[in-house]
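Here are my notes on this one, as promised. Have the model open while you go through the points.

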Amino acid sequence: MQNYIISKLKSASSISIIDDAYENKLIPIVDALLRGNIDIIMFNHSFYLDIINLTKHIELIKNHFGDKITIGVANTNNKEHIDYVKNAGADFIILPDSNINLIDAAKKSNIFAIPTAISINDISTAINNGAKFVKIFPINTSFSEFNYITLLNLENNENFDTNNLNIKQIYKIFDKINL
C-alpha cells in the first residue's frame, strides 16, 4: 500500500481539501472531482468537531467510490485518531508536525504518514525517522521556490548529512509537489 500511495502522490496534479461538507453533498462533490481527474482528496481533521463525523465521511466516500478515490486526513494529532481514520478507510495522513511518537503510531497502524515541517530540524527529524514525504510550509520567503505549501519526496535521501542541511540543498535534492 505504501508504494501505491507514493506513486499516487508523485503523479498528483492536484489534491482537493475538504474542510467539512454536509454529508448529503459529499458524494456529488467527490463525483465531480473524479470527473475532473482529481482522485486524491484530503479531509482537514481540524475542521471536524468530533472524530465520529470525520470517520463517517471517510466511510461514506470509501464505500461509494472504493479504490477510485484516495483519501488523506490532515492534522491527525493523536494516536487514537490515527487508528480511527485508518479503520474508516483513510489511505494516508498528514501529521501536524514531526512528532516522533505520532510517526511511530502511524507506522504501527500501518498507515502512510506525512509529517509537517516548519524548519530544517523538522525535515531532518522526518528523514531520520523514515518519512518518505514531508509537508512544508514556506520556510524562507526570500527563497521563492518555497513560497507554496509543498510536499517533498524524501525517497532518495541517503546521500547527505541531515545535520548540515540547508534550504538550497533541500531544493536541489528532493522532488517537490506544490499544493
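**Notes on the sheet and the salt bridges**

1. Start at one end of the sheet: Phe92 has Phe112 in E5 as its bridge partner. Strand E4 (residues 92–94) and E5 run parallel and are joined by three bridges. Keep in mind that this is a predicted model.

2. Zooming out, the sheet is open and has five strands, ordered E1-E2-E3-E4-E5, with parallel pairing. Strand E1 (16–18) and strand E5 (112–114) sit at the edges, each pairing on one side only. On average, neighbouring strands are turned by 25 degrees against each other, direction ignored.

3. Now look at helix H2 (residues 23–35), which lies across E1 and strand E2 (40–44). Its direction is at about 175 degrees to E1.

4. I count four salt bridges in the structure. One of them pairs Asp39 with Lys8, with 2.3 Å between the closest N and O atoms. Asp39 is in the loop between H2 and E2 and Lys8 in helix H1 (residues 2–11), so this pair links distant parts of the chain, 31 residues apart. Lys8 counts as buried because its relative accessibility is 14%, while Asp39, at 27%, is partly exposed.

5. Glu23 and Lys56 also meet in a salt bridge, at 3.5 Å from N to O. Glu23 belongs to helix H2 and Lys56 to helix H3 (residues 51–65), so the pair ties together parts 33 residues apart in sequence. Both ends are partly exposed: Glu23 at 35%, Lys56 at 38%.

6. Within helix H2, Arg35 and Asp31 are four residues apart, about one turn of the helix. They form a salt bridge, with the closest N and O atoms 3.2 Å apart. Arg35 is exposed at 61% relative accessible area, and Asp31 is partly exposed at 32%.

Note on methods
Residues are numbered from 1 along each chain as its sequence is written. This is a predicted model: local features need pLDDT of at least 70, side-chain atom pairs count only at pLDDT 80 or more; totals for chains, interfaces and linings use all residues. Side-chain values use heavy atoms; hydrogens and water are left out. Two strands pair if DSSP finds at least two bridges between them. Helices (H or I, at least four residues) and strands (E, at least two) are DSSP runs, numbered from the N terminus. Axes are lines fitted to C-alpha atoms, for helices over the stretch in contact, and angles run from 0 to 180 degrees between N-to-C directions. Contact means heavy atoms within 4.5 Å. A salt bridge is a side-chain nitrogen of Lys or Arg within 4 Å of a carboxyl oxygen of Asp or Glu. Buried means under 20% relative accessible area, exposed over 50%, partly exposed in between (1.4 Å probe, protein chains only).
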